[in-house]
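Here is a friendly briefing on the structure below. Have the viewer open as you read.

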Amino acid sequence: MDQANDAVDAAHDDWYALARSAAVLGRTQYRSGDAELAVAAFDQAVRLYNDNSRAMGHGTEAATGLATLVDCAGRAMLLHHRQGRGKLADSAFDVGRLFAEFLAGNGLTAPASQLLGRRAAVLQRTGQPTSGLLDSGVLSLLAPQDTLREAAWAVEEYLESPGPHTLAEALRATGAEKQHWATALTDALTVGGGRKEDRWSPTLRGSHLAVLPNAARAVSRALGDTTGTAGNGWRLTGREIHMCYSVASGRGELRHTLSDHAELWGGLLLALGRDALRAGDTPLAADCGGWLRGLLTQTLPYTLGTSWGEELRAGAEGLPA
């Protein structure tokens, strides 16, 4: 998200594509990644849509953009609430309500029903009154069953979703949070809140590369041997490490050192892919397989003469395409 801020600074005319990408990133991160990264992405999407709302006009694209803003605001509200940031949750709802009421007044009521249900779920859990959340004229346009469905979704998918949701929670679940590789990984991926003090993200600085091999080795060894909350912790930690590797590769930071990381990155991808297959997540297993096959191709002919290269190649064949 730090890189996204820099991209916005450099290319103001691309804000719509960046906002849409941030919304997708938030949903993807929440489904199979880190909830802290997810809420940062949702916040960024809301900010971009909100700051540029007047530039969207009044057509179908504008309605889609504003509906996405309301959805992201509602999801951000749920995550901020779950993570104990009440004021940010309230702010996200206030922004979403403004645009939800505008859309409902123009015949598009689904975003308002969606936001109302999600907010009601939060207030019911805290014992706060749920009256007066939206304008009375807007409320008269909404279908109660839609609101109830959204409230039930919010509770099940966000407010009561089990397992670790951040890197810190994941490491605590594994019991490895005090091991050297775990503390090093956490330190490397922590960015200060102010861009003036810490303008560049860790992935852009490349400061994380030195800590990834030991972390990848630990996760690969543990993935097949643990279940429950500990297993979920290893999964999330492994995905974080893979994301670091993928960003570093995309930015060219591994151009001259890929062979040094191929065995452990590849082993991690294989372990994540096999774990996904056991869990019945075929799309994730296929994604891991695709990354692994690409990694093996990029490191030719180096991997041909190694035992681990042959092991990874055989393992990749067992993952779906």
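Is Arg-125 buried, partly exposed or exposed? With a relative accessibility of 43%, Arg-125 counts as partly exposed, where buried means under 20% relative accessible area, exposed means over 50% and partly exposed lies in between (1.4 Å probe, protein chains only).

This is a predicted model, in which local features need pLDDT of at least 70, side-chain atom pairs count only at pLDDT 80 or more, and totals for chains, interfaces and linings use all residues. Residues are numbered from 1 along each chain as its sequence is written, and side-chain values use heavy atoms, with hydrogens and water left out.

**Nonpolar cores**

- The largest nonpolar core holds 46 residues; such a core is a set of buried Ala, Val, Leu, Ile, Met, Phe, Trp, Tyr and Cys residues joined through side-chain atoms within 4.5 Å.
- Phe-42, Tyr-49, Met-56, Met-77, Leu-78, Leu-79 and Ala-112 have the most contacts inside this core.
- Two or more residues of this core come from each of H2 (15-32), H3 (35-51), H4 (60-82), H5 (86-105), H6 (110-126) and H8 (144-159); helices (H or I, at least four residues) are DSSP runs, numbered from the N terminus.
- Helix H4 gives the largest share of this core, 10 residues.
- A second, separate core has 42 residues, including Trp-181, Tyr-245, Leu-270 and Ala-285.
- Not counting residues up to four places away in sequence, Tyr-49 touches Trp-15, Tyr-16, Ala-19, Arg-20, Met-56, Gly-65, Thr-68 and Leu-69 (contact means heavy atoms within 4.5 Å).
- As background, nonpolar side chains tend to be buried together in soluble globular proteins.

**Salt bridges**

- The whole structure contains 12 salt bridges, each a side-chain nitrogen of Lys or Arg within 4 Å of a carboxyl oxygen of Asp or Glu.
- Asp-90 pairs with Arg-119, and their closest N and O atoms are 2.8 Å apart.
- Because Asp-90 lies in helix H5 and Arg-119 in helix H6, this pair ties together parts that are 29 residues apart in sequence.
- Asp-90 is partly exposed at 34% relative accessibility, whereas Arg-119 is buried at 9%.
- Arg-125 forms a salt bridge with Glu-160, with 3.0 Å between the closest N and O atoms.
- Arg-125 sits in helix H6 and Glu-160 in the loop between H8 and helix H9 (167-174), so the pair links parts that are 35 residues apart in sequence.
- Within helix H8, Arg-149 and Asp-146 are 3 residues apart, about one turn of the helix, and the closest N and O atoms of their salt bridge are 3.1 Å apart.

**Second largest pocket**

- The lining of the second largest pocket has 14 residues, of which Ser-220, Glu-263, Gly-267, Glu-311 and Leu-312 lie nearest its centre.
- At least two lining residues come from each of helix H12 (212-223), helix H14 (258-278) and helix H16 (307-317), and H14 supplies the largest share, 7 residues.

**A loop residue**

- Leu-108 lies in the loop between H5 and H6 and is partly exposed, with a relative accessible area of 33%.
- Leaving aside neighbours within four places in sequence, Leu-108 is in contact with Ala-63 and Leu-103.

Methods
On a 1 Å grid over the protein atoms alone, a cavity is a set of points where a 1.4 Å probe fits but cannot get out, and a pocket is an open set with protein on both sides within 12 Å along at least five of seven lines; lining residues have an atom within 4 Å of a point.
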